[in-house]
Amino acid sequence: MKNISVGHSPDADDIFMYYAIKFGWVTPDDAKFDNIALDIETLNQATLKGVYDICAISFALYPFVKDDYALLKTAVSFGEGYGPKLIKKKGTVLKKNFKVALSGEFTTNALLFKIAYPNARITYMNFLDIEKAVLDGTVDAGVLIHESILTYDNELEVEREMWDVWLELSGGGLPLPLGGMCLRRSIPLNNAINYENTLIKAVEVANKNRKVLAPMLLEKGLIRVDAPTLDKYLDLYANDNSVKMSEIQYKALDKLFELGYKNGFYQNLIKAEDFLIPSEYEELRAR
């Protein structure tokens, strides 16, 4: 029995999508998943160092780890008319070189922000600290992610939706790619296919049993928000579109990678579907 390390964030959608495995509703063949929950930028940095066998990442990180990790098709979060929010104190006017708090160098929101606001002075901090930093004046503005987009203080207001930034940069017609998962390439292909299928099933089972699973997570204190906020948040980021990536989601990822490449953040232009686990191998072998 192999122990496979799985890193995911502590935000509600990742917890929700993973815990069908944690509760034993879905199990991989011949392996045990050991999970750890850390903030997304810590996971991005860990993936750069090759720490975990399977890890949640910001999609913007992927071109930097493509040689060591395959992109998984499941447990993905995309925005459809919503996403991270650039917030500031109500009534303030941001200067061209305003100081802003972002949740990490390799986050998707950071990539889009840097393209849209090249003169801003950026500082990085844990996403849970950004709201307070804006309120106490440590920074002029901050980009909120995860559940914070639904629960921020009423002294704050949205300067700009990152969805609107995405629309302008991408040309429209595509969902906003935020985060997904990747798997270490050194894992044998048969095992990699098994692990990915386990995660696909876990997300599917969680989604189909949301009315049972969500209250369990709240009761065990695994979620930072109340029941109504959790329900709204799962509508946004853990839904039917999270189970398995679609063609339009691949196109959105390709556009994100193209924007990063054209603006000098990536050395090479890549296509998402070239870096997936070749699950068709299993079908060919069965024949």
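**Aromatic pairs up close**

A: The count comes to 12 aromatic pairs, where rings of Phe, Tyr and Trp (its six-membered ring) pair if their centres lie within 6.5 Å. Let's start with F59 and F78: their ring centres are 5.5 Å apart and their planes meet at 50°, so this pair is tilted (planes under 30 degrees apart count as stacked, over 60 as edge-to-face and the rest as tilted). F59 lies in the loop between strand 3 (54-58) and helix 3 (62-65), while F78 belongs to strand 5 (residues 77-79), so the pair ties together parts that are 19 residues apart in sequence. Helices (H or I, at least four residues) and strands (E, at least two) are DSSP runs, numbered from the N terminus.

F59 is buried, with a relative accessible area of 0%, and F78 counts as buried at 5%. Buried means under 20% relative accessible area, exposed over 50%, and partly exposed in between (1.4 Å probe, protein chains only).

Now compare F113 and Y117: this aromatic pair is stacked, with 4.8 Å centre to centre and 25° between the planes. F113 and Y117 are buried too. Elsewhere, ring pairs link Y18, Y19, F23 and W25 into a cluster.

A word on the numbers: this is a predicted model, local features need pLDDT of at least 70, side-chain atom pairs count only at pLDDT 80 or more, and totals for chains, interfaces and linings use all residues. Residues are numbered from 1 along each chain as its sequence is written, and side-chain values use heavy atoms, leaving out hydrogens and water.
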